[in-house]
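Me: I would like to go through this model by question and answer, taking one chain and then the other. Could we begin once the sequence and structure are in view?

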Amino acid sequence: MAGSHNISRRDFVKLITGAVGAIIGAAIGLPAIDYLIDPALKAAGKDAWVPLGKLETFEIGKPTLATFTRSTVNGWEKTVNSYGVFVLRSSDTDTLILSNKCTHLGCHVNWNVDKQEYICPCHDAQFGINGEVLGGPPPRPLDRYTGDQVQVTDGKLLIYFRGG
Amino acid sequence: MWKKLFAWLDERLALNELYKATLDRPEPKGNWWNTLGSASLFLFLLQGVTGIFLSVYYTPSPDHAFDSIQYIMNGVAFGWLIRGIHHWGATLMVLVVFIHMLRVFVTASYKYPRELTWLIGVGLLLCTLGMGFTGYLLPWDQKAYWATTVATSIAGSVPIIGSFIMKALRGGTDLSALTLSRFFAAHIWMLPAVLAGLIGVHLFLIIKHGESEFPGKDD
């Protein structure tokens, strides 16, 4: 009889202890990880049509900053963030809308009238009037709002803003 | 391979000696009352871990303390569980530490050569009560607010220096944001640091002197 056992009593107890320990560890550890990363799993959508103002108030040929705020509830508090886009009317019908968020690391670019460039204050990125990269570290041109992301209703300019 | 690695580590870290001194030391005849010290240590570690987790979301300011706890309870995954363990673990820890003290008293384990182990244990009991006292304010609800008002008033009834003690505890004449933040600091930094240090000495003394025999009929 004794010879038919392939595993000793001691090893069996060790194995069971290890297995039960692993189950308990997972039962405690997984909820703990879930607790820590919970906010990352609940990113709220902020998509919405945002009005930028009357189209005719934007001067033709000159990039103009239009700012707006979006609020989200983070945890127990409402957070208000401000965003901006540069509106450039090249003619009565053509409008170019560029995000002011630098494509390098997310700082806000400014329009430099003297140089006729968008310049990022953080790492000196330079973009042309149409958003193309002229110099510095950015990997791609400034993001554009085009096509169905833009609409004009009753003379008011709106963009479809995507949060997150 | 593993034996070689272990031998290398053991030679430098004295793992075997540590194991023998802590987990394989001679014990008097088994008695469940003698496990209460280990139970207290376990509860301390449990409170430490759950407390660290709570501090990820809790905010010690009057504007946000209550809301942040509501968020932990209703918004965060398993927040109710973490806070529940911390809440009930606190009550249980006071109870277990107190019964542990009673056991040591009844079995006369505080006598030579363990007088200092006992005195440090008194410090540990007071620190545990201090943790309960400071932690009770942190939810900043009506119960917490008035309990702390009453308890600090009791401290204020000490002759002559009473009003100074009360102001020092409250960080002013009334309960305020200062009270909440100093109770928070005491709860998560000062008292745990003192507790951890005293626990270290307490454990060292227990390992050094071994556990006392259960008193026999002749004692």
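Reply: Two strands are taken as paired here if DSSP finds at least two bridges between them. The model is a predicted one, and the answers below should be read with that in mind.

Me: In what order do the four strands of the open sheet in chain A run, and which strands are at its edges?
Reply: The four strands of this open sheet in chain A pair in the antiparallel sense, in the order β5-β6-β7-β8. A strand at the edge pairs on one side only, and in chain A that applies to β5, residues 110-112, and β8, residues 133-135. The order is therefore β5-β6-β7-β8, and the edge strands are β5 and β8 of chain A.

Me: Over how many bridges do β7 and β8 of chain A pair, and which residue in β8(A) is the bridge partner of A:Phe127?
Reply: Strand β7 of chain A covers residues 126-127 and pairs with β8(A) in the antiparallel sense, over two bridges. The bridge partner of A:Phe127 in β8(A) is A:Val133.

Me: Where is A:Pro139 found, and is A:Pro139 buried or exposed?
Reply: A:Pro139 is in the loop between β8 and β9 of chain A, where β9 covers residues 144-145. Its C-alpha atom is separated by 6.3 Å from that of A:His104, although the two residues are 35 apart along the chain. Because A:Pro139 has 8 other C-beta atoms within 10 Å, and a residue with 12 or fewer counts as exposed, A:Pro139 is exposed.

Me: How many residues lie between β3(A) and β4(A) in their hairpin?
Reply: Strand β4 of chain A, residues 95-99, pairs with β3(A) in the antiparallel sense over five bridges. In that pairing the bridge partner of A:Leu88 is A:Leu96 in β4(A). The number of residues between the two strands of this hairpin is five.

Me: Which residue takes a positive phi in the hairpin of β10(A) and β11(A)?
Reply: Four bridges hold the antiparallel pairing of β10 (residues 150-153) with β11 (residues 156-161) in chain A, and A:Val152 stands opposite A:Leu157 in β11(A). This hairpin has two residues between the strands, and the residue with a positive phi, near 50°, is A:Asp154.

Me: What radius of gyration does chain A have, and how far apart are the C-alpha centres of its domains 1 and 2?
Reply: The C-alpha trace of chain A spans about 95 × 35 × 30 Å along its principal axes, and 13% of its 164 residues count as buried. A compact globule of 164 residues would have a radius of gyration near 15 Å, whereas chain A has 28 Å. The domain assignment gives domain 1 as 2-41 and domain 2 as 48-161, and their C-alpha centres are separated by 54 Å.

Me: How many helices and strands are there in chain B?
Reply: The C-alpha trace of chain B spans about 55 × 50 × 30 Å along its principal axes, and 24% of its 219 residues count as buried. Its elements run α-α-α-α-α-α-α-α-α from the N terminus on, which amounts to nine helices and zero strands.

Me: Against which elements do the buried residues of α3(B) pack?
Reply: Helix α3 of chain B, residues 36-54, reaches 26 Å from its first C-alpha to its last, close to the 27 Å expected. Its buried residues include B:Phe44, B:Gln47, B:Phe53 and B:Leu54. They pack against α1 of chain A together with α4, α5 and α9 of chain B.

Me: Which element gives the largest share of the side of chain B that touches chain A?
Reply: Here 15 residues of chain B are in contact with eight residues of chain A, and the elements of chain B that give two or more residues to this side are α4 and α5. The residues on this side of chain B divide into nine nonpolar, five polar and one charged. The largest share, four residues, comes from α4(B).

Note on methods. Residues numbered from 1 in each chain as written. Chains lettered and ligands numbered in written order. Predicted model: local features only at pLDDT ≥ 70, side-chain atom pairs only at ≥ 80, totals over all residues. Expected span 1.5 Å × (residues − 1). Buried ≥ 20, exposed ≤ 12 C-beta atoms within 10 Å, placed from the backbone. Contact = placed C-beta atoms within 7 Å. Nonpolar A, V, L, I, M, F, W, Y, C, P; charged D, E, K, R; others polar. Rg over C-alpha atoms; globule rule 2.2 N^0.38 Å. Domains from an automatic or database assignment.
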